[in-house]
Amino acid sequence: EDDHDEAEQDDDEDVVTVEDVWDVYERMRYLRVEPQENTFNTLLAGFAKAGRVADMEDIYREFHEWRSASSSSKKGDDVSLVRAHTALIDGYGRGGDRRRMMQVYEDMKERAGDPNRRPDAFTMSILFDRLAA
């Protein structure tokens, strides 16, 4: 029985939490390593899945500011925006805020003329899952 408890504890140590990812992000900032779009999207998705809507919104604001100010941001490649907005849909849906979830989706639909900014199959899958919950 003690061996089982010890193995279970080892499994818990292998789990990476959103707090672990946040710690790495904070360390990056301390070391003045510029985050990339994937950094923000990983944090957004993590906070969304953890139901931490306020943290998700804070990271989205940082992401938006970074994209506005960053020389390394690829302005023509907006796939990361689709991923960011999909994370917002997921987070609001998990948090039970269907109004805001649908508002993000409607904002994405307004950009449907730009194939790099419109909802994709992954976005739709997340939206359906959250609506069905």
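Colleague: Is Phe63 buried or exposed in this predicted model?
Modeller: The model is predicted, and Phe63 is placed in helix H4, which covers residues 53-69. The relative accessibility of Phe63 is 0%. Because buried means under 20%, Phe63 counts as buried.

Colleague: Which elements do the buried residues of H4 pack against?
Modeller: H4 has 17 residues and reaches 24 Å from its first C-alpha to its last, close to the 24 Å expected at 1.5 Å a residue. Its buried residues are Met56, Glu57, Ile59, Phe63, Trp66 and Arg67. The elements against which these buried residues pack are H2, H3, H5 and H6.

Colleague: Which members of the largest nonpolar core touch the most other members?
Modeller: In soluble globular proteins, nonpolar side chains tend to be buried together. Here the largest nonpolar core has 24 residues, and those that touch the most other members are Met56, Ile59 and Ile89.

Colleague: Which element gives the most residues to the largest nonpolar core?
Modeller: The core of 24 residues draws two or more residues from each of helix H2 (18-30), helix H3 (37-50), H4, helix H5 (79-94), helix H6 (98-110) and helix H7 (121-132). The most, seven residues, come from H5.

Colleague: What does Met56 touch, not counting residues up to four places away in sequence?
Modeller: Met56 is one of the buried residues of H4. Beyond four places in sequence, Met56 is in contact with Leu44, Phe47, Ala48, Ala87, Leu88, Gly91 and Tyr92.

Colleague: Which elements do the buried residues of H3 pack against?
Modeller: H3 has 14 residues, and the reach from its first C-alpha to its last is 20 Å, close to the 20 Å expected at 1.5 Å a residue. Glu37, Thr39, Phe40, Asn41, Leu43, Leu44, Phe47 and Ala48 are the buried residues of H3. They pack against H2, H4 and H5.

Colleague: Is Asp90 buried or exposed?
Modeller: Asp90 lies in helix H5. Its contacts, not counting residues up to four places away in sequence, are Ala48, Lys49, Ile126 and Arg130. Because its relative accessibility is 6%, Asp90 counts as buried.

Colleague: Which element gives the largest share of the lining of the second largest pocket?
Modeller: This pocket has a volume of about 150 Å³, and Asp90 is among its lining residues, as are Asn41, Lys49, Arg83 and Phe122. H3, H5 and H7 are the elements that give two or more residues to this lining. By class, the lining residues divide into four nonpolar, two polar and four charged. The largest share, five residues, comes from H5.

Colleague: Which element gives the most to the lining of the largest pocket?
Modeller: About 200 Å³ of space lies in the largest pocket, and H4, H5 and H6 each give two or more residues to its lining. Five nonpolar, two polar and five charged residues make up that lining, including Glu57, His85, Arg100 and Met108. The most, five residues, come from H6.

Colleague: What is the phi of Arg32?
Modeller: Most residues other than glycine have a negative phi. Arg32 is in the loop between H2 and H3, and it is exposed, with a relative accessible area of 77%. Although Arg32 is not a glycine, its phi is positive, at about 60 degrees.

Colleague: Which residue with a positive phi follows H3?
Modeller: The phi in question is near 75 degrees. The residue that follows H3 with this value is Gly51.

Colleague: What pattern does the chain follow along the sequence?
Modeller: The chain has 133 residues, of which 32% count as buried. Of its contacts between residues at least 6 apart in sequence, 59% join residues at least 24 apart. It contains seven helices and zero strands, and the pattern along the sequence is α-α-α-α-α-α-α.

Definitions and conventions
Residues numbered from 1 in each chain as written. Predicted model: local features only at pLDDT ≥ 70, side-chain atom pairs only at ≥ 80, totals over all residues. Heavy atoms only, no water. Helix = DSSP H or I, 4+ residues; strand = E, 2+ residues; numbered from the N terminus. Buried < 20%, exposed > 50% of the residue type's maximum accessible area, 1.4 Å probe, protein only. Core = buried A, V, L, I, M, F, W, Y, C linked by side-chain atoms within 4.5 Å. Contact = heavy atoms within 4.5 Å. Expected span 1.5 Å × (residues − 1). 1 Å grid on protein atoms, 1.4 Å probe; cavity = no way out; pocket = protein on both sides within 12 Å on 5 of 7 lines; lining within 4 Å. Points joined across faces, edges and corners; volume = space filled by probe spheres on them. Nonpolar A, V, L, I, M, F, W, Y, C, P; charged D, E, K, R; others polar.
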